[in-house]
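Biologist: Could you walk me through this one? I have a few quick things to ask.

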Amino acid sequence: MSQVIVYTNSTGNVSVCTPSNESDINQVLIKDCPVGAIIVDSSTLPSGADAQFFNSWELNGSSVSVNFTKAQSQQTSVLNKLVYDESGHRAVKTLSGVSNVISDSDWKILVTNAQFGIATSSTTAELIAAIVPVQAAIDANSAI
Amino acid sequence: MAINLSTLVNQTNPLQLAKVWANFGVVSPGTTLTIRSSYSVSSITRNGTGDYTINLSITMADLNYVMVGSNSYNQTTYGSSAAIVAPYTKTTTTCRILTNVGNNGQESQEVDVVIFGN
């Protein structure tokens, strides 16, 4: 069972410190980590979909879990960035006289559905699923 | 004529040799960071997505050391894509780096870092 060191960093997020093969974890705890850091089995860290929301992890006692409100905010930021970048791409294609694969009206529906999906999600897997159609539309519009 | 390797090594300027190196990454989404191989590295801390601190097991003489890095992500979907590896903060015992695509931190399956200096 591999072990890692976890602590709450200055931004309020969780840092996870992994010792190298040349180091002893107890020495790393003293040398590389702040006071209050603790050693945990890596198997106890969030896994699956939860693991993809690393920036929303929280350390409570000796347990690391996802703060779902932060995860929703994180996924909203991801969606906003996707929409911002794709809006520019769509505008350039339109100005160049090239049709977008997804019409403007369908694109707006996809984005609205994703926003609704994030807002109504109750699991991190649902948060991930909420933006899949948007990403698929972006990929389709990028295909040559 | 036989080449004496020990002679060659002794003739090499120590500053030409890497002081620190590491090959690490988040192998796949949902896994913890893995250090595949390293030298003079005590640990690597993942501070956030694409935000890593390399903790050295040696002390560099000053902050003028050179860090070079490369990385790849999306190895499954796109084969391999590169993100920028940028030194963020340096001390004589730590080097914090960011792997970015645009302004966004990007988790990487493989990050390779080498440090030269005094």
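Predicted model: local features only at pLDDT ≥ 70, side-chain atom pairs only at ≥ 80, totals over all residues.

Biologist: OK, how many residues of chain A are in contact with chain B?

Modeller: Counting contact as heavy atoms within 4.5 Å, 25 residues of chain A meet 22 residues of chain B. The two chains bury about 1,700 Å² between them, with 43% of it on carbon and sulfur atoms; buried area here is the accessible area (1.4 Å probe) that two parts lose on being put together, summed over both.

Biologist: Which residues in chain A lose the most area to chain B?

Modeller: Those are A:Thr18, A:Glu22 and A:Phe54, together 28% of what that side buries.

Biologist: And how many salt bridges are there between chain A and chain B?

Modeller: The count is 0, where a salt bridge needs a side-chain nitrogen of Lys or Arg within 4 Å of a carboxyl oxygen of Asp or Glu.

Biologist: Switching topic, at what angle do the axes of H2 and H3 of chain A cross?

Modeller: Helix H2 (residues 68-95) and helix H3 (residues 104-120) of chain A have axes that come within 10 Å and cross at roughly 170 degrees, with axes being lines fitted to C-alpha atoms over the stretch in contact and angles running from 0 to 180 degrees between N-to-C directions. H2(A) is therefore roughly antiparallel to H3(A), a label given to angles over 145 degrees. Helices here are DSSP runs (H or I, at least four residues), and strands are E runs of at least two, numbered from the N terminus.

Biologist: Where is A:Asn67 placed?

Modeller: A:Asn67 sits in the loop between strand E5 (63-66) and H2 of chain A, and a polar contact of 2.7 Å joins its side chain to that of A:Glu58. A polar contact is a pair of N or O atoms within 3.5 Å; within protein, one must be able to donate a hydrogen and the other to accept it, and residues adjacent in sequence count only if both atoms are side-chain atoms.

Biologist: Last one, which strand holds B:Thr94?

Modeller: B:Thr94 lies in strand E7 (residues 94-101) of chain B, and its side chain makes a polar contact of 2.8 Å with that of B:Thr91.

Technical notes: Residues numbered from 1 in each chain as written. Chains lettered and ligands numbered in written order. Heavy atoms only, no water. Parallel < 35°, antiparallel > 145°, perpendicular 65-115°, else oblique.
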